[in-house]
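Opened my notebook for a quick look through this one. I'll jot down what I looked up, in the order I got to it.

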Amino acid sequence: MMASDPAAETTAPPADARPSAVTGALKDAIVSGLLTALLLTPLVGFRASESGTGSLVLTYRFGLVAIFAGIVMVGRFLLMVTVWNPNRPPRRVSTTPGAMARIGALAAPAVKPVFFSFAILYPFLSILMAGGLSPSRYWVDLGIYVLTYVMLGWGLNIVVGLAGLLDLGYVAFYAVGAYTFALLSTSVPINDFFAGTLGDGFWTAWAFWICLPLSGILAAMWGVILGFPVLRLRGDYLAIVTLAFGEIIRLVLINWVSLTNGGAGISSIPPITFFGVPFDSSDTGFASIFGLEFNSMHRMIFLYFVILGLAALTAIVTIRLRKMPVGRAWEALREDEIACRSLGINTTLTKLTAFATGAMFGGFAGAFFAVRIRFVSPESFTFMESAVILAIVVLGGMGSQMGVAGAAILLIGGMELLRNLSFLKADFLFGPDFDPSLYRMLIFGFAMVAVMVWRPRGLVSSRMPTVFLKQRKAVSGSLVKEGHG
Amino acid sequence: MSAQTATETAAAPAPAARKAPLLSVSGVTAYYGNIIALKGVDIEVNEGEIVTLIGANGAGKSTLMMTICGSPRARDGRIVYAGREITSLPTHEIMRLKIAQSPEGRRIFPRMTVYENLQMGAAIDGNAHFAEDLERMFTLFPRLKERIEQRGGTLSGGEQQMLAIARALMSRPRLLLLDEPSLGLAPLVVRQIFDAIRMLNRTEGLTVFLVEQNAFHALKLAHRGYVMVNGLVTMSGTGAELLARPEVRAAYLEGGR
């Protein structure tokens, strides 16, 4: 008895506190409900509409106000009792990856093969689902669109995620790649030169395959040119300078009319060929050589596989580089620049290689963009593009390849699918005047906020060590600084 | 001992000297913008010695160490290492001359595992004797072996300091520059770390230049010491000599304890 008394006393306060939490929550809910009602009375309660004669008629909607206030009250009460309850035991910070991450780790060996086999099968699946080649056009096109951003995300991931250099002007390298291909492929002297030496149609047929590496190299060169002056900068300052660089490139493209045709852009870029074999209905075209019936979708599907190959190349090169000294040096540079220098790492060179490698993949993606759309103009390379690519990298979890791919699919694919939510236009929902695509940016913003609240280090936040003694063990992102995870 | 060093200093310009110091800093000044941090510092570190530099906060100890590494650069004076002038070499090239530094505040890579941190230390070496050196570090700091797959940022302060020293040692340096290894550590851990430094010096003949606040431990460990005040070296002598000096005791031992 004596011994149990203090124990009873120690357990007593929480028992007392529990009802007080409920009453507190009730009080809070009533106050919030009243405030909502007060706030909404002028905003929602009165509605001035035009009557037939032109004069304004005031209608009262206090019922609606009451409904809103009720929703707020109930919601607030439930939150106060559950999630915000002061008596709830504090959440523990987990040292090991959480439940989601553990499921992820279990599925991890399967994720990549499944992802890649789905990516390979995607065009065929969409043909099956859409029931025929031509109806699948939209889906294959969407796949190409998403994969372009997956590739751009992976490219920027090298600069931002691995080397930790915040680059807000990545679109500049995309533009350099696109314009390199556009200018070279439409150049009359080059065409004439090859017509004289290798035959008439040579340049049109091979332009993309010759210009693709050139676009990458030129973009990498621009990466180095940008890298040199900004090497001394870090963080915010670097971000501003790269932002400016992106804008400078765009303004040069607009104003150097004699070279780039200004805002009108460059059109009639030759289409992609199957390694020299054009996708047309002629006898030497792709369809007749392979004994198929001509369909313009062949080119689309080939484009899909080209971007899939380019994206895979980006991923493989990144994975390989991460295991090599230069990749490890990038990661070390992101962690601590001074420590890197004290270990004899040439930080200048390391930063330049990161910039150049990232830029090179941006250039590849740019050349692909130009050959897909067959038209380039400065309109396509605005800051918004850089922001979306950066958002993909940050959302995905900096440095994580699968995270970046997932974020690209979610953001780009999701935003695109939103255009098609025609069922929302049904009469019982929002009516035929409702245009869901108008809300795309709003939903995009909400999604970003939600991810940053619940997963501040991105969708995939744990980092796989590149070297290990016995077994590979991912470490939870909660253990490291934000923005480093 | 000190007389010998004096004659060596006098003979230093002549290449015929019996044994030139491994590192010699002469008349070095350094600035942060317009603010002078070092006002002409002369220091010598001989091969096989542990030399410590003590002084109050803001005396310029860490600045001197960073100046040896080339950041900030010395404005006047010369820094000669193993017979080669390194005053104006880029930092990463200085570090490739078998000088290793464990910087102030440890500066390990928090997201990388202990293993990866150690591998970064061997980056210059090209991992030629990585496995062998790894074993050496494990015998020196057995704690690191237990933590090998943990992220650097999850280690305790003492373990991080061990990791920082081990990382520096992975490049097989001739000269180890240690900046405040006792910073923020419990006395017992400080002893462990100082014991490790002593052992490295005795068994492997490693030359150590140690910057410390913890004057008592540092002077007991070191063969020779320098006292720095406001960017100038004001006193020098053997560790025992300096420990016995009343000025040192007043300023850095009784006062600071």
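This is a predicted model: local features need pLDDT of at least 70, side-chain atom pairs count only at pLDDT 80 or more; totals for chains, interfaces and linings use all residues.

**Chain B sheet, then chain A**

Strand 7 (residues 175-179) and strand 8 (residues 207-212) of chain B run parallel, paired over 5 bridges.

Then I zoomed out to the whole sheet. It's an open sheet of 6 strands in chain B with mixed pairing, and the order reads 6-7-8-3-9-10. I checked the edges: strand 6 (99-102) and strand 10 (232-238) of chain B each have a single partner strand, so each has one side left without a neighbour in the sheet. On average, neighbouring strands here are turned by 15 degrees against each other, ignoring direction.

What lies across strand 6 and strand 7 of chain B? I found helix 7 (residues 157-169) of chain B there, running at about 170 degrees to strand 6.

Over to chain A. I got 17 helices and 4 strands for its secondary structure. Chain A has 485 residues, and 36% of them are buried. I also looked at contacts with a separation of 6 or more: in chain A, 74% of these come from residues 24 or more positions apart.

Domains next. Chain A splits into domain 1 (21-81) and domain 2 (111-422 + 434-479). I get 47 Å between the C-alpha centres of the two.

I then went to a hairpin in chain A. Strand 1 (residues 46-50) pairs with strand 2 in the antiparallel sense, over 5 bridges. One of the bridges joins Glu50(A) to Leu56(A) in strand 2. The hairpin leaves 5 residues between the strands, and in the turn Gly54(A) shows a positive phi of about 105 degrees.

Why does strand 2 (residues 56-60) of chain A lie largely in the open? I counted buried residues among its 5 and got 0, so that settles it. For the cut-off, buried means 20 or more other C-beta atoms within 10 Å of the residue's own.

Last stop was a helix pair in chain A. The axes of helix 7 (residues 202-230) and helix 14 (residues 347-373) come within 7 Å and cross at roughly 140 degrees. I have the crossing down as right-handed. Sorting the residues of that contact gave me 17 nonpolar, 8 polar and 1 charged.

Definitions and conventions: Residues are numbered from 1 along each chain as its sequence is written. Chains are lettered from A and ligands numbered from 1 in the order in which they are written. A residue is buried if 20 or more other C-beta atoms lie within 10 Å of its own, exposed if 12 or fewer, and partly exposed in between; C-beta atoms are placed from the backbone. Helices (H or I, at least four residues) and strands (E, at least two) are DSSP runs, numbered from the N terminus. Two strands pair if DSSP finds at least two bridges between them. Domain bounds come from an automatic or database domain assignment. Axes are lines fitted to C-alpha atoms, for helices over the stretch in contact, and angles run from 0 to 180 degrees between N-to-C directions. A crossing is left-handed if the near helix is turned anticlockwise from the far one by less than a right angle, and right-handed if clockwise. Ala, Val, Leu, Ile, Met, Phe, Trp, Tyr, Cys and Pro count as nonpolar, Asp, Glu, Lys and Arg as charged, and the others, Gly among them, as polar. Two residues are in contact if their C-beta atoms, placed from the backbone, lie within 7 Å.
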